[in-house]
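Hi everyone, thanks for coming.

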Amino acid sequence: MQDLTIAVVGATGAVGAEFLRIVETRYPSLPNLKLLASSRSAGKRISVGGKELVVEEATEKSFDGVDVAFISASSEVSHRLAPAAVAAGTVVIDDGSAFRMEDTVPLVVPEVNGADVEWHQGIISIPNCSTTPLVMAAHPLHQVNPIKRIVADTYQSVSGAGSGAMADLREQSERLLDADSNTSKSGKGQIAYNVIPQIDRFLDTGYTFEEQKMRQESQKILHAPEIRISATCVRVPVYISHSASVHIEFTEPMPVAQARELLSAMPGVTVLDDPETGEYPMPWDVAGEDDVFVGRIRQDLSHPNGLVLWIVSDNLRKGAALNSLQIAEELVSRGRLKPKHTSGVTG
Ligand SMILES: NC(=O)c1ccc[n+]([C@@H]2O[C@H](COP(=O)([O-])OP(=O)(O)OC[C@H]3O[C@@H](n4cnc5c(N)ncnc54)[C@H](OP(=O)(O)O)[C@@H]3O)[C@@H](O)[C@H]2O)c1
């Protein structure tokens, strides 16, 4: 990874900042980094691993000499810049929903379907930040006892909506601290002291786009279109880490002890589950962690083949930046990503 030239589109955003924090700790001798954002940020300086780097405006011409580009901005930006990057011989790892469901684009969580990077045609997508922890927990269980149905209810932090939403929570909380909660209705977009049962736009089905993403993306990553999935995605006044209460129906009964064993053996998953001592994962503690945490593992008393899990993960790390970097590492380990100056790939 250290030999690569890496472009980070959205370097000034919530995911971009986390990405740079991970890069500086994971690769102390830094790769060659090119920080890109909108014209608003051009000229801004960001310190990465003790080096001061200057942000440039991202344009279609930004990718000459770039081996891999991580795009964490918006679907519009991805649609505009990814084809230009691919044309320049750059592998694109895209964080948004722009390409995830396209047949020619692998949607990858390396611990689950790392081999899918093999068939990329220039662009690889990472899933939505609630889908990733769900498939990380579902995969090892599904391997031994096929899953028939999943019902997932999420509790998603404001950082999932970017740095602007984090600032909103701070400002609203300060403003409401002394307010009389009985005297006013919540305003549009009020997240402080509130929960919002809508993330992204509503679809004709009555579900939101976020809920549809969890269903479709999980099926694609698990290579299991037959699994029936229903999600309710809710924004909660938490800064970092998404949580989910997940009910899974298997083909056969799944004993709790077996589920615990399978989840404990899954790379990137930590089981934190001790009802006697009150141990279970919570977003405050999981923020900054790489692993997906699973607790409250219990039999679903409403179904003989049912299991209930509580899953928490840092949406900015495994839900976004870390997963992107792991995809690049997967490509490198498979010999599918090399520095252009040594591989002879034209720019
Ligand atoms: N947050 C999460 O947990 C999460 C998880 C998975 C995926 N994602 C996806 O990652 C993407 C970024 O999310 P975020 O939370 O980091 O959002 P954010 O904090 O709002 O940051 C947005 C970034 O995009 C840049 N940008 C905006 N317009 C641009 C343009 N025209 N050209 C180039 N860059 C532009 C911004 O640059 P300026 O500072 O110059 O405006 C900023 O760096 C989204 O697609 C999101 O769906 C987020």
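I'll begin with the sheet and then move on to the ligand.

A word on the source: this is a predicted model, where local features need pLDDT of at least 70, side-chain atom pairs count only at pLDDT 80 or more, and totals for chains, interfaces and linings use all residues. Residues are numbered from 1 along each chain as its sequence is written.

Let's look at the sheet. Six strands form an open sheet, and their order is β5-β2-β1-β6-β7-β8, with parallel pairing. Strands here are DSSP E runs of at least two residues, helices are H or I runs of at least four, and both are numbered from the N terminus. Two strands pair if DSSP finds at least two bridges between them. At the edges stand β5 (56–57) and β8 (123–125), each with a single partner strand, so one side of each has no neighbour in the sheet.

Now find β1, residues 5–9. Is this strand buried or exposed? Five of its five residues are buried, so β1 is largely enclosed by the rest of the structure. Buried means 20 or more other C-beta atoms, placed from the backbone, within 10 Å of the residue's own; exposed means 12 or fewer, and partly exposed lies in between. T5, A7 and V9 point one way from β1, while I6 and V8 point the other way.

What about the partners of β1? With β2 (residues 32–37), β1 runs parallel and is joined by five bridges; I6 stands opposite L33 there. With β6, the pairing is parallel too, over four bridges, and V8 has F70 as its bridge partner.

Further along, β7 (residues 91–94) and β8 pair in parallel over three bridges, with D94 opposite S125. Helix α9 packs on the sheet and touches β6 (68–71), β7 and β8. A contact here means C-beta atoms, placed from the backbone, within 7 Å.

Finally, the ligand. How many residues surround the ligand? There are 29, and the closest are G13, S41, A73, G96 and G162. To count as near, a residue needs its C-beta atom, placed from the backbone, within 6 Å. The elements giving two or more residues to this shell are α1 (14–26), α5 (163–176) and α9 (317–333). The largest share, three residues, comes from α1.

That's my tour, and I'm happy to take questions.

Terms used
Contact = placed C-beta atoms within 7 Å. Axes fitted to C-alpha atoms, helices over the stretch in contact; angles between N-to-C directions.
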